[in-house]
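Welcome to this tour! Open your viewer, get ready to select things by chain and residue number, and follow along one stop at a time.

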Amino acid sequence: MTSADGDGRANGGVVSRLRRIIAEGGLRGLASLAARWGTKWSLWPPHLVTACCGVEVGHLFGPAYDAERYGALPMPAARHSNLLLIEGTITMKMAKFVKWVYEQMPEPKFVIAMGACAIKGGVFYGSYHMVPASNVVPVDTYVAGCPPTPEALLKAIEDVQRRRVESL
Amino acid sequence: MVAAVFFPGLITMGLYLILAVWAERKLAAKVQWRYGPLYVSEKLGGVLQTVADLLKLAFSELVVPSYTNRALFAALPAVVFFVEALPLLFIPGGPGLVMIPSGYGLLYVVAIILISTPAVVAMAWAEADKFTFIGLLRELLLEAAYEVPLVLSLLAMALVYGTDLSTYAQGLPGIAVNPVAFFVYLVATAMATSRFPFEIPDADAEIVLGPYTEYGSSLFLLAYGSNYVKLYAMALLGALVFLGGWAPLAGIAGIAVYILKASALTAFWLLLRAVYPRMRIDQALRLGWRELLFLSAAAVGVSALWRLW
Amino acid sequence: MVGAIAFLVLLAAGLALLYAVPKLFAPRAKTKPKELRFEAGNPPYGRLRRRMVIQYIRYVLAAASFEALASLALVAYSTAQQDLVTPLALTAVVAGVMAAVGGDVWSHD
Ligand code: SF4
């Protein structure tokens, strides 16, 4: 397999990089390159609004912030999406469904935990009925704030693109 | 061979799929004061977005759940895609540039277009969940709304030019001969390809994605892409029958003109997404059986007058 | 004809490729929810196929019968060269019956 280090593009242009990848990893290397590039620019979150942070996600895809510029497209179902946006508080009751949706998404998939609630409890810190997102699903990126601004979410999407997808 | 690989055939079809999906997202974004897909290839305005989506889908896990018939579940999207691509066999891309030359080309095309609905219904049935089941019913009902006007509008054109598709580029373009038939064709095609006011079978705000709900990975690509293949075939057919196809020119330039006309029609259908709300199923049915049916009957009348005169 | 066969074969090959790529290259992880049907984030519940919406049955009936007439008009015209009478008569039947039905049904809508 090829190494997918972030500074791979420093040595040489696209063609020489491609040639190196094919020489090192063969067809599999090429496939992994295509998969990484495609996944990077096509992160589709399903609708899973668990709390008030969902309103900011509405902004995220609206005219002002427009996450579609990054190739993110809100999808209605888990089956054809690959980026789980956990939108705020997860109660014990909801955690079951978060896990269900996550497990129904096809591989490869990524998780952004959004808001103080998803990180550690936020305004509900210490509540008997609250779980942090990382206890439910493996989280790739956190976004701080209550609620986080849409800019912060864009940053998180970029972070998933740069850090997580590139190192698949 | 040229027809199969290059013009009405595979390469143009593939490019059309990529560009149409991108154009749809871009047009909707423009109307909503957004940019739409951009950073994937900033200098090109994000044209590569569809390619990225395609690669993403093709390289993600192929889930074939075990609760239903797995073979049918996996095979039917490809069948639907295949069936939707079949009209291209009979649509000429220029003088003599046709895969199967036939005096009855128009009839074959109409028959295949109407066959594709059962394929979609079979697909939704094999997926077997509540949303696909509702989507299936809506697909059937919507076909009940558009098929008679669609057939009648094409009949109106056949009354003037016959059923050999290669003759349509000679003489007056169909829109001048029979504007009523053209209008009916526009609306009926918007229904047939579930363009916007009639995006009823896969209304994603109501029933997840209708017949496409269960598919991920390349199955989703096939199932959802088939819709755009149908749009491609319908745009080519419309450009030929109503706009004169390659009319003033021939050869390569003729192909360019033909593609331009088909793209103009496509752009109209794509723009509908941004400007219309969705109709209810009963509104669409009533539209099909009231206004559209009588308009298409009138179109047949116009053609008859044209012939008698 | 060669072109048509080439088109079909190449198309089928392309579609087959789309099955092969995820089979060969995609990561895989079997989980229980993936094996079950999609139910908007819930475990599957209740009956799947319900009764059809009967209020639209008149449209389905109309489509089933008049679609045949409309196609018949098209076929009749193309086989009996230049015969205008059959297609016009059939179209008139479709429009006429719909108008007659419509006068009755739509007055209640
Ligand atoms: S972080 Fe704030 S805005 Fe987000 S869910 Fe918690 S309380 Fe609501």
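**Stop 1**

Select chain A and chain C together. Between them they bury about 1400 Å², and 66% of that area is on carbon and sulfur atoms. Buried area here is the accessible area (1.4 Å probe) that two parts lose on being put together, summed over both. Now colour A:Arg79, A:Trp100 and A:Glu107: in chain A these lose the most area to chain C, together 42% of what that side buries.

Before going on, two notes on how to read this model. It is a predicted model, where local features need pLDDT of at least 70, side-chain atom pairs count only at pLDDT 80 or more, and totals for chains, interfaces and linings use all residues. Residues are numbered from 1 along each chain as its sequence is written, chains are lettered from A and ligands numbered from 1 in the order in which they are written, and side-chain values use heavy atoms, with hydrogens and water left out.

How many residues does each chain bring to the contact? Chain A gives 16 residues and chain C gives 16 residues, where contact means heavy atoms within 4.5 Å. Salt bridges between chain A and chain C number zero; a salt bridge is a side-chain nitrogen of Lys or Arg within 4 Å of a carboxyl oxygen of Asp or Glu. Four residue pairs, both at pLDDT 80 or more, are in polar contact across this interface. A polar contact is a pair of N or O atoms within 3.5 Å; within protein, one must be able to donate a hydrogen and the other to accept it, and residues adjacent in sequence count only if both atoms are side-chain atoms.

Next, show α1 (14-40) and α3 (92-104) of chain A, the elements that give two or more residues to the side touching chain C. Helices (H or I, at least four residues) and strands (E, at least two) are DSSP runs, numbered from the N terminus. α3(A) gives the most to this side, with five residues. By class, this side of chain A has ten nonpolar, one polar and five charged residues. Ala, Val, Leu, Ile, Met, Phe, Trp, Tyr, Cys and Pro count as nonpolar, Asp, Glu, Lys and Arg as charged, and the others, Gly among them, as polar.

**Stop 2: chain C and chain B**

Of its 109 residues, 38% are buried; buried means under 20% relative accessible area, exposed over 50%, partly exposed in between (1.4 Å probe, protein chains only).

To see a salt bridge up close, zoom in on C:Glu39 and B:Lys130, whose side chains meet at 2.6 Å, N to O.

**Stop 3: the ligand**

Click on the ligand and show what surrounds it. Its neighbours include A:Cys52, A:Cys53, A:Cys117, A:Cys146 and A:Pro147, near meaning that a heavy atom of the residue lies within 4 Å. This shell has eight nonpolar, four polar and no charged residues.

Stay on A:Pro147, in the loop between β3 (141-143) and α5 (150-165) of chain A. The peptide bond joining A:Cys146 and A:Pro147 is cis, with omega about -10 degrees. For another cis bond, go from A:Glu107 to A:Pro108, where omega is near -15 degrees.

**Stop 4: a loop of chain A**

Finally, select A:Glu68, in the loop between α2 (54-60) and β1 (83-87) of chain A. Is A:Glu68 buried or exposed? A:Glu68 counts as buried because its relative accessibility is 6%. Its contacts, leaving out residues up to four places away in sequence, include A:Leu73, B:Arg25 and B:Arg34.

A:Asp66 is found in the loop between α2 and β1 too. A:Asp66 has a positive phi of about 45 degrees although it is not a glycine, and at 2% relative accessibility A:Asp66 counts as buried.
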